[in-house]
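I opened the model to look up a few local features. My notes follow in the order I took them.

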Amino acid sequence: MCIARKKSGIIRAQKYCKKKVLWYNIGIKKNMKDFWAEELQNRKKVNVIKIIILIVVLLIFISAIVCTIVYYYNLDFRKWCDENVWKKEIQEKDTKSIDLDVDDNTQVYAYEKYICVFRKKKLEFYNKVGTESGKIELDINEAIFTSAGRYMAICEKDGNKFYLICGKEKLYESEVEGNISQINVSKSGYVSTVISNTSYKSVVDVFDKTGNEVFKTNLVTSRVADVSISQDSKYLAIAEIDLSGILIKSSIQIVSIELAKTNPSQAIINKYEAPTDKMILNVEYQEQNKLICMYSDGIESYEEKTSTELIKFDDKKESFMTIELSNRVALVDEISTGEYTANTNIRIIDPNTKKEREYVTGSIAKSIKTSDNKMAINFGTELHLIDKNGILLKKYISDTEINNIVMTDAVVGIVYKDRIQIINF
């Protein structure tokens, strides 16, 4: 009897345990189902958030591209952004200055990252905040300056002495026979001088960066309009004007500087003859040894013995033009908008592709100044600083009339009688 009861109790206990396990398993399955349902829901939410973020990023990216394109090609939109978004306008009172003595015979020049002040036979170097950072003594009275890259050449106006400077150090000084009327320097430190008042009409003398004479040529009947040394210092271009006859004759001699060192008689490797009565004004070597030539009626480029016309001057009213940019030429046109009003249109042209960029303002330009990659357009009491793609970098507002500007790619100096205001890029 006891054994039967015991067995019956064990069986009931086993059944009870089986029921508990069954209900437990059912609970686990239900909980697992709820867990996976919740996990799936969370994953859906995360995916939706990722998609929203991706869409927002894409919209921002596309908007940025569209705004950039519109900024570059829509002049009105660009002007609005420059004035209201980028705040490119600066006032004279917000710039640093260098004091000048109005009684001194002072000359100002911009070189590399310095504003240079030449007075009392001393060349003073000032940094971007107007602090003097160096000084060199030069035995000249009135200077002619030229620079390229790290090098600056200085000569006495109508004198016979010149100097080559690198950084704030004087590399050498030298003298020539005759009077120096022009001086140029390349980015490799080669110096070319144009000399007058000799037995010849003009003399061109070239020196390397150590002061050794490399090449000299004498022009019997022509005078030199301009000279330019290529950026790699391999070639010298001499622009000549012959006024000895009834008609004006312009030509360009290309001199191999390497051949000039070893075989001077074979150094002239090419000569371009311009049509009669076409007067050459200046020449400039740009990138890849492309020679840009400005004539009285237009601008041409020369490369590998072929010439290409870039611009003719007879179709518009050009007030200023320059070829002294890095791989660009620029023209400033006045476009009449009324009986007494006009716009200024700056056309910037790539000589390789002939593509043009424009910068248009509602004022008349008084003068322009250029560095390698930037231009300064003087409108009297406003100075617009633009890059070679026609984009406004800064607009300077002056309290008085602007008469003189010096500039490099790194710094601009607005020269007044008693001070120089400094603009940094």
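I take helices as DSSP runs of H or I with at least four residues, numbered from the N terminus. On that basis I place Tyr72 in helix α1, which covers residues 2-73. I note that the model is predicted.

**Entry: nonpolar patch.** I looked up which residues make the nonpolar surface patch of about 950 Å². I listed Leu54, Leu58, Phe61, Ile62, Ile65, Val66, Ile69, Val70, Tyr72 and Tyr73.

**Entry: a sheet.** I traced an open sheet of 4 strands in the order β15-β16-β17-β18, and its pairing is antiparallel. Which strands are at the edges? I found β15 (222-229) and β18 (268-273), each of which pairs on one side only. From one strand to the next I have an average twist of 20°. One pairing I wrote down is Val255 with its bridge partner Ile268 in β18.

**Entry: salt bridges.** My search of the whole structure gave 21 salt bridges. I went through some of the pairs.

I found Lys170 and Glu173 joined through their side chains, with 3.8 Å from N to O. Lys170 has a relative accessible area of 36% and is partly exposed. Glu173, at 44% relative accessibility, is partly exposed.

For Lys216 and Glu213 I have 3.9 Å between the closest N and O atoms. I noted the cut-off for a salt bridge, within 4 Å. Lys216 has a relative accessible area of 44% and counts as partly exposed. Glu213 is at 47% and is partly exposed.

The side chains of Lys366 and Glu401 form a salt bridge at 2.6 Å, N to O. I located Lys366 in the loop between β26 (356-361) and β27 (367-370), and Glu401 in the loop between β30 (392-397) and β31 (404-407). The two residues are 35 residues apart, and I recorded the pair as linking distant parts of the chain.

Last, I noted a network of salt bridges that links Lys121, Asp139, Lys161 and Glu175.

Terms used
Residues numbered from 1 in each chain as written. Predicted model: local features only at pLDDT ≥ 70, side-chain atom pairs only at ≥ 80, totals over all residues. Heavy atoms only, no water. Pairing = 2+ DSSP bridges. Axes fitted to C-alpha atoms, helices over the stretch in contact; angles between N-to-C directions. Patch = residues over 30% accessible without salt bridge, like charges linked within 9 Å, V, L, I, M, F, W, Y side chains within 5 Å. Areas by Shrake-Rupley, 256 points an atom, 1.4 Å probe, with all protein chains shown as cover. Buried < 20%, exposed > 50% of the residue type's maximum accessible area, 1.4 Å probe, protein only.
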